[in-house]
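Please examine the sequence and the three-dimensional model shown below. The paragraphs that follow take up one loop, then the sheets, and then the chain as a whole.

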Amino acid sequence: MTLPTSIALGGSDDIGFGAVIPFYLEVSKERIAIARTADGLFAFDDLCPHDGAPLSSGLLARRAIMCPCDGSLFDLGTGVVLDGPAEMPLRRFIVHEERGTVTLGRQLGD
Ligand code: FES
């Protein structure tokens with residue numbers, strides 16, 4: 001399902017440094033995660049492309065996230081699989097932060 005142009009997710013204060021916060025998008029019935037790193041905010045599919053584990057429960061290291069299930073490692077900047085068993089890249093989305101509000105945009109690569 002295609003997301004609307006943008007969706008306000010919440011306040012900047014809700015996503016602290018080093019946090020990975022899951023959001024359920026009612027409009028598209030999917031889970032998105034937002035991570036705040038030293039490189040900024042990243043928005044991505046919360047469900048691992050390998051077997052659907054919640055990446056928001058994974059380990060954030062710099063701008064990569066490790067799946068809590070089988071340990072796949074994804075680069076949040078590119079979506080590339082850095083270490084398997086996952087083979088499919090991570091879906092990523094545009095995310096904006098302005099005046100204390102975090103907004104999700106379209107899927108990158110669409
Ligand atoms: S569910 Fe994420 S690596 Fe298997």
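Where does R62 lie? The model is a predicted one, and in it R62 is found in the loop that links strand 5 to strand 6 (64-66). Its backbone deserves attention: although R62 is not a glycine, its phi is positive, at about 55 degrees. Most residues other than glycine have a negative phi. R62 counts as exposed because 11 C-beta neighbours lie inside 10 Å, and a residue is called exposed if the number is 12 or fewer.

At one end of the order, strand 7 (residues 73-75) and strand 8 run antiparallel and are joined by two bridges. Within this pairing, L73 stands opposite D83 of strand 8.

The other sheet to consider is also open and antiparallel, with six strands in the order 1-10-9-4-3-2. Strand 1 (7-11) and strand 2 (20-25) are at its edges; each has a single partner strand, so one side of each lacks a neighbour in the sheet. Neighbouring strands here are turned against each other by 30 degrees on average, direction ignored.

Strand 9 pairs with strand 10 in the antiparallel sense over five bridges, and F93 stands opposite Q107 of strand 10. Strand 9 also pairs with strand 4, again antiparallel, over two bridges. In that pairing, F44 stands opposite R92 of strand 9. Strand 4 (residues 40-45) in turn pairs with strand 3 (residues 30-37), antiparallel and over six bridges. There, I34 is the residue that stands opposite A43 in strand 4.

Which residue takes a positive phi in the hairpin of strand 9 and strand 10? That hairpin has two residues between its strands, and R99 is the residue with a positive phi, near 50 degrees. R99 lies in the loop between strand 9 (92-98) and strand 10 (101-107), and, like R62, R99 is not a glycine. R99 counts as exposed because 5 C-beta neighbours lie inside 10 Å.

The view may now be widened to the whole chain. The protein chain contains zero helices and 10 strands, so that its pattern along the sequence reads β-β-β-β-β-β-β-β-β-β. Along its principal axes, the C-alpha trace spans about 40 × 30 × 20 Å. A compact globule of 110 residues would have a radius of gyration near 13 Å, and the 13 Å of the protein chain therefore agrees with that expectation. Of the 110 residues, 28% are buried. Among contacts with a separation of 6 or more, residues 24 or more positions apart account for 40%.

Terms used:
Residues are numbered from 1 along each chain as its sequence is written. This is a predicted model: local features need pLDDT of at least 70, side-chain atom pairs count only at pLDDT 80 or more; totals for chains, interfaces and linings use all residues. Two strands pair if DSSP finds at least two bridges between them. Helices (H or I, at least four residues) and strands (E, at least two) are DSSP runs, numbered from the N terminus. Axes are lines fitted to C-alpha atoms, for helices over the stretch in contact, and angles run from 0 to 180 degrees between N-to-C directions. The radius of gyration is taken over C-alpha atoms; the globule rule is 2.2 Å times the number of residues to the power 0.38. A residue is buried if 20 or more other C-beta atoms lie within 10 Å of its own, exposed if 12 or fewer, and partly exposed in between; C-beta atoms are placed from the backbone. Two residues are in contact if their C-beta atoms, placed from the backbone, lie within 7 Å.
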